[in-house]
Amino acid sequence: PNELFSGNNHILTRGYSPMTVRFFMLQAHYRSTLDFGNEAMEASEKGFKRLMNAFGLLDGLKASANNETDIAALTERCYAAMNDDFNSPVLIAELFEASRIINSVHDGKLNINAENLQLLKELMQHFVLDVLGLQSEIAANDDLPKVMDMIVNLRSEAKRNSDYATSDKIRDGLKQIGFQLNDSKEGTTWNKM
């Protein structure tokens with residue numbers, strides 16, 4: 001494991017975070033042989049970030065009167081995957097479907113009512129955190145959200161003052177170190193890329 005984290009071996013060109021390695025391992029059935037390499041680890045890193053970014057959007061989702069989702073059926077499929085000899089690859093595929101729903105609701109392309117939104121939050125909490133033990137790497141630093149909120153506020157102030165050069169410099173600088181800013185009419189949010 002230390003070589004996976006540090007990248008000090010003849011196969012990997014760099015190290016990967018413990019959560020990325022965990023996610024990589026969960027993408028194969030526990031009785032399967034793991035075949036790791038740079039491409040597989042990079043794909044796992046991207047997949048993990050995509051899943052956790054969707055998870056981070058959950059609390060900000062707004063319920064609507066209409067519903068275009070069937071979260072109960074999705075939950076049943078997640079339990080079926082676990083009951084099938086802890087079939088974590090199938091579970092992860094279902095969690096990516098949940099992520100697609102989260103992103104579509106967030107973007108205003110899909111409606112979800114309060115009941116299904118609550119089921120979706122419970123599903124993600126239960127399977128992502130409790131069963132698979134995945135957690136956002138940002139959670140390791142409790143001060144990071146405060147620092148990011150302060151930076152977002154400085155950028156918003158620059159935009160209000162028509163100082164677009166500073167606003168763009170902050171956005172581009174954050175992007176270079178792996179943070180994406182999303183502007184909307186409700187305000188600016190950030191997430192780890």
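How are helices α2 and α3 oriented to each other, roughly parallel or roughly perpendicular? Keep that in mind as you go through this predicted model.

**Start with confidence.** Colour the protein chain by pLDDT. The chain averages 90, and 96% of the residues score at least 70. Find helix α4, residues 71-83, where confidence is highest, at a mean of 98. Then find strand β2, residues 187-192, where confidence is lowest, at 79.

**Select residues 18-26 and 38-57.** These are helix α2 and helix α3. They pack at an angle of about 100°, and their axes lie 9 Å apart. An angle of 65 to 115 degrees counts as roughly perpendicular, so α2 and α3 are roughly perpendicular to each other.

**Show the side chains at the contact.** From α2, pick Met19, Thr20, Val21, Phe23 and Phe24. From α3, pick Ala40, Met41, Ser44, Glu45, Gly47, Phe48 and Leu51. Eight of these contact residues are nonpolar, three are polar and one is charged.

**Zoom in on serine 44.** This residue lies in helix α3. Its relative accessibility is 2%, so serine 44 counts as buried. Leaving out residues up to four places away in sequence, serine 44 touches Thr20, Phe23, Phe24 and Gln27.

**Step back to the whole of α3.** Buried residues of α3 include Asn38, Met52 and Ala54.

Methods: Residues are numbered from 1 along each chain as its sequence is written. This is a predicted model: local features need pLDDT of at least 70, side-chain atom pairs count only at pLDDT 80 or more; totals for chains, interfaces and linings use all residues. Side-chain values use heavy atoms; hydrogens and water are left out. pLDDT is the predictor's confidence in each residue, from 0 to 100. Helices (H or I, at least four residues) and strands (E, at least two) are DSSP runs, numbered from the N terminus. Axes are lines fitted to C-alpha atoms, for helices over the stretch in contact, and angles run from 0 to 180 degrees between N-to-C directions. Angles under 35 degrees count as roughly parallel, over 145 as roughly antiparallel, 65 to 115 as roughly perpendicular and the rest as oblique. Contact means heavy atoms within 4.5 Å. Ala, Val, Leu, Ile, Met, Phe, Trp, Tyr, Cys and Pro count as nonpolar, Asp, Glu, Lys and Arg as charged, and the others, Gly among them, as polar. Buried means under 20% relative accessible area, exposed over 50%, partly exposed in between (1.4 Å probe, protein chains only).
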